Amino acid sequence: MAETQPALTKATVDRNPIRQFERWFAELPAGVPEQDAISMTLATATMDGRPSARIVLLKSFDDQGFVFYTNYESRKGIDLADNPRACLLFYWSLVWRQVRIEGTVEKVSPEESDQYFRSRPLGSKIGAWASDQSRPVANRADLEKRFEEFGWKFGDNVPRPPHWGGYRVKPDVIEFWQGRENRLHDRLLYTLQEDGTWSIERVAP
């Protein structure tokens, strides 16, 4: 696949890494399922540096950052409360491209979380109440019982749990990686400057 992709150069990329991400995202071929396109590894760390990573789904992005939703009381939520920095990683194997994003993390507004929660399927809304994410559960039967109980409690009108909502990763470093032959991959590193502009440098593969 590497030989079919154009070279990644400072002369051809957008000066704004969000626009460059938007370009690559739009170029994903039809052969990449939507679920794979928006899947990203989210890495967090405790205050003492113990790392943890998992796959989450990108729900939106713009000049302010990259948004995902989860339980605020999960392990990642606890990590981010103590250490509000994270790294995101997209890998699209079909086009041999990778994007790595580092930045600070903040919660999205309650209104933004409410709006997204309303768009979720009914089962997902109930699941947000039923699952004490990252906490021990005796067995699946207990989990399914909680799901049934919250389903009866709320019916079709499920409110957003106070412990559930969105996070926005506000990038200060974004790296674009394009696979090439002989492991001589192209890597361009964008770094946010104090004046709000982005520097771009090539780094060795």
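How many nonpolar, polar and charged residues are there in the lining of the largest pocket? I will come to that after a word on the model.

This is a predicted model, with residues numbered from 1 along each chain as its sequence is written. Local features need pLDDT of at least 70, side-chain atom pairs count only at pLDDT 80 or more, totals for chains, interfaces and linings use all residues, and side-chain values use heavy atoms, with hydrogens and water left out.

First, the chain. It has 6 helices and 9 strands; these are DSSP runs, H or I of at least four residues for helices and E of at least two for strands, numbered from the N terminus. The C-alpha atoms fill a box of roughly 60 × 40 × 30 Å along the principal axes. Of the 205 residues, 40% are buried, where buried means under 20% relative accessible area, exposed over 50%, and partly exposed in between, with a 1.4 Å probe and protein chains only. Among contacts (heavy atoms within 4.5 Å) between residues at least 6 apart in sequence, 63% join residues at least 24 apart.

Now the pocket. Its volume is about 280 Å³. On a 1 Å grid over the protein atoms alone, a pocket is an open set of points where a 1.4 Å probe fits, with protein on both sides within 12 Å along at least five of seven lines, and lining residues have an atom within 4 Å of a point. Points are joined across faces, edges and corners, and the volume is the space filled by probe spheres set on them. Of the 17 lining residues, the closest to the centre are Tyr69, Thr70, Arg120, Gln133 and Trp164. The opening question has this answer: 8 nonpolar, 6 polar and 3 charged. Here Ala, Val, Leu, Ile, Met, Phe, Trp, Tyr, Cys and Pro count as nonpolar, Asp, Glu, Lys and Arg as charged, and the others, Gly among them, as polar. Strand β4 gives the largest share of the lining, 4 residues, while β2 (51-57), β4 (65-71) and α5 (122-130) each supply at least two.

Next, helix α6, residues 140-154. Its 15 residues should span 21 Å at 1.5 Å a residue, and the end C-alpha atoms are 21 Å apart, which agrees; the expected span is 1.5 Å times one less than the number of residues. At the N-terminal end, asparagine 139 is the cap, with a side-chain oxygen 3.1 Å from the backbone nitrogen of alanine 141. After α6 comes glycine 155, with a positive phi near 65 degrees.

Serine 39 is in strand β1 (residues 39-45) and is buried, at 18% relative accessible area. A polar atom of its side chain lies 2.4 Å from the backbone oxygen of glutamine 35. Beyond its neighbours within four places in sequence, serine 39 contacts Ile55, Val56, Leu57, Leu89 and Phe90.

Last, the loop between β7 (164-178) and β8 (186-192), where histidine 185 lies. Histidine 185 is buried, at 10%, and its side chain reaches the backbone nitrogen of arginine 180 at 3.1 Å. Residues that histidine 185 touches, not counting those up to four places away in sequence, include Trp96 and Pro205. Tryptophan 96 sits in the loop between β5 (85-92) and β6 (97-107) and is partly exposed at 24%. Although not a glycine, tryptophan 96 has a positive phi of about 55 degrees. Arginine 183, also not a glycine, has a positive phi of about 60 degrees, and is exposed at 65%.

Note on methods: A polar contact is a pair of N or O atoms within 3.5 Å; within protein, one must be able to donate a hydrogen and the other to accept it, and residues adjacent in sequence count only if both atoms are side-chain atoms.
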